[in-house]
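Colleague: I am new to this one. Please pick a single part and walk me through it closely. Then place it in the rest of the chain.

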Amino acid sequence: MPNNITYDLIQRGVIRTAYRVQTGTPNDVFLQRVLFGNAPVPGNAVADGVISFDYRKVAPALPDEAVYGADPNRVNYKQNFNTELLYPAYYFDEEEITVKQADARVFGENLEQNLTGYARLVRLAADKRDAIRASHLMAIEKMCADVILTGKVTVKEHGEQKFPMTSSLLSVAGANLLTDPMATLHSAFETVRKTNAGFRPARLVMNPTDALNFFEALPEKYVDKNVYAVASAEFGAINEMGATFIGRIAVPGMGIIDVISYSGAYRSNKSTVTNYIPQGKAILAPQAIGAIGIGRVVSGDNGYVSEPVIQAHRTTIVGDGVGDRKKMVIQEQCSPLPLIQAIDGYCVITGIPTGA
């Protein structure tokens, strides 16, 4: 291994090393990849990373009083900032790797051909990067869930970021979903349509327990596993994002709705696991309801100090210490914010019972 460590070379190797999917704790991203899967919205690199978002262009029917927080029926009522200016959350974490660690073999190293010290450092750094980024992805998914269910999210630096969603659409009656599914879904559809005539539902996203209960409770006359009748059950395997397509239901006036069971969960500590979509709630939504806004992260490249750049995820390798105590630090940054673009274009069905 060379005496002079080139951190730039190690960083290039880490960036070229793909983010790996490994066996271990699930880190599900269905909400950010699908429901917030529209094209990312970049922020302003100069103005503190603020994301400028004009809802009058996205939703022309949205009145000015809704945009500016003057409508008491909306989540952003009396907010103390302009809805057009939204601030993302900022995440910055770092991990240390000592040069001494390169003396030991790394996981997956070929027994018959040792890796070089540089290759081992790249592997170690990539593993650290993956662990940090996994925690950031979990935080983004939790933000997506908060925005979907409440129409707002709290970011550490700038407080609550509220959207002009109609508050009542975040609590649509679902107590009869298991006993009278057609009427309940049609009622939810009509509730949204009264606010947004362009509402086109495409999927019903449910907690795994609710999804199972929902199909178990459907009357036998509704379900046909061979052809598309009123409903069809097609239980499949969970995908890499934590979602399972479990069937379709055709509701008069709505069309065919895909039913998705989402198992994604976050961990607030080592023992507490909480589903992003809690039992008792479901999301009746179009193909997508929004996008991820990307704010700025800092960059010390090219001799500048804290030069702002817009980047979804930024990985940096820097050196620390001198002589025999030399070590390197891997830094990971992101600055995201889930943005609701389909204002009043979805609803949250609540009060779903635990069984028929």
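Modeller: Start at the hairpin of S10 and S11. Three residues lie between its strands, and Gly-253 takes a positive phi near 90° there. This is a predicted model, so local features need pLDDT of at least 70 and side-chain atom pairs count only at pLDDT 80 or more, while totals for chains, interfaces and linings use all residues. Residues are numbered from 1 along each chain as its sequence is written, and side-chain values use heavy atoms, with hydrogens and water left out.

Now the two strands. S10 and S11 pair in the antiparallel sense, over eight bridges. Two strands count as paired if DSSP finds at least two bridges between them. Strands are DSSP runs of E with at least two residues; helices are runs of H or I with at least four; both are numbered from the N terminus.

Asp-258 forms a salt bridge with Arg-248, and their closest N and O atoms are 2.7 Å apart. Asp-258 sits in S11 (residues 255-262) and Arg-248 in S10 (residues 243-251), ten residues apart. A salt bridge here is a side-chain nitrogen of Lys or Arg within 4 Å of a carboxyl oxygen of Asp or Glu. Side chains of opposite charge can pair when their charged atoms come close. Arg-248 counts as partly exposed because its relative accessibility is 24%. The cut-offs are these: buried means under 20% relative accessible area, exposed means over 50%, and partly exposed is in between (1.4 Å probe, protein chains only).

S11 itself is mostly covered, with six of its eight residues buried. S11 has another partner, strand S8 (residues 203-206). S8 and S11 run parallel and are joined by four bridges. In that pairing, Met-206 has Ser-261 of S11 as its bridge partner.

Next, other salt bridges. The structure holds nine. One joins Asp-130 and Arg-129, at 2.9 Å from N to O. Both of these residues are buried. Another joins Glu-160 and Lys-162, with the closest N and O atoms 3.4 Å apart. Glu-160 is partly exposed because its relative accessibility is 32%. Lys-162 is buried, since its relative accessible area is 17%.

A separate sheet is worth a look. Three strands form an open sheet in the order S1-S15-S20, with mixed pairing. S1 (38-42) and S20 (336-340) are its edge strands, and each pairs on one side only. Neighbouring strands in this sheet are turned by 30° against each other on average, direction ignored. Such axes are lines fitted to C-alpha atoms, for helices over the stretch in contact, and angles run from 0 to 180 degrees between N-to-C directions. S1 pairs with S15 (residues 290-294) in the parallel sense, over three bridges. Pro-42 stands opposite Ile-294 of S15.

Thr-316 is found in strand S18 (residues 314-320). It is buried because its relative accessible area is 11%. Leaving aside neighbours within four places in sequence, Thr-316 is in contact with Gln-11, Val-329, Ile-330 and Gln-331. Contact means heavy atoms within 4.5 Å.

Val-122 is in helix H5 (residues 117-150). With 16% relative accessibility, Val-122 counts as buried. Residues up to four places away in sequence aside, Val-122 touches Ile-10, Gly-13, Val-14 and Thr-17. The C-alpha atoms of Val-122 and Val-14 are separated by 5.5 Å, though the two are 108 residues apart along the chain.

Finally, the whole chain. It has seven helices and 21 strands. Of its 356 residues, 47% are buried. Among contacts between residues at least 6 apart in sequence, 70% join residues at least 24 apart.
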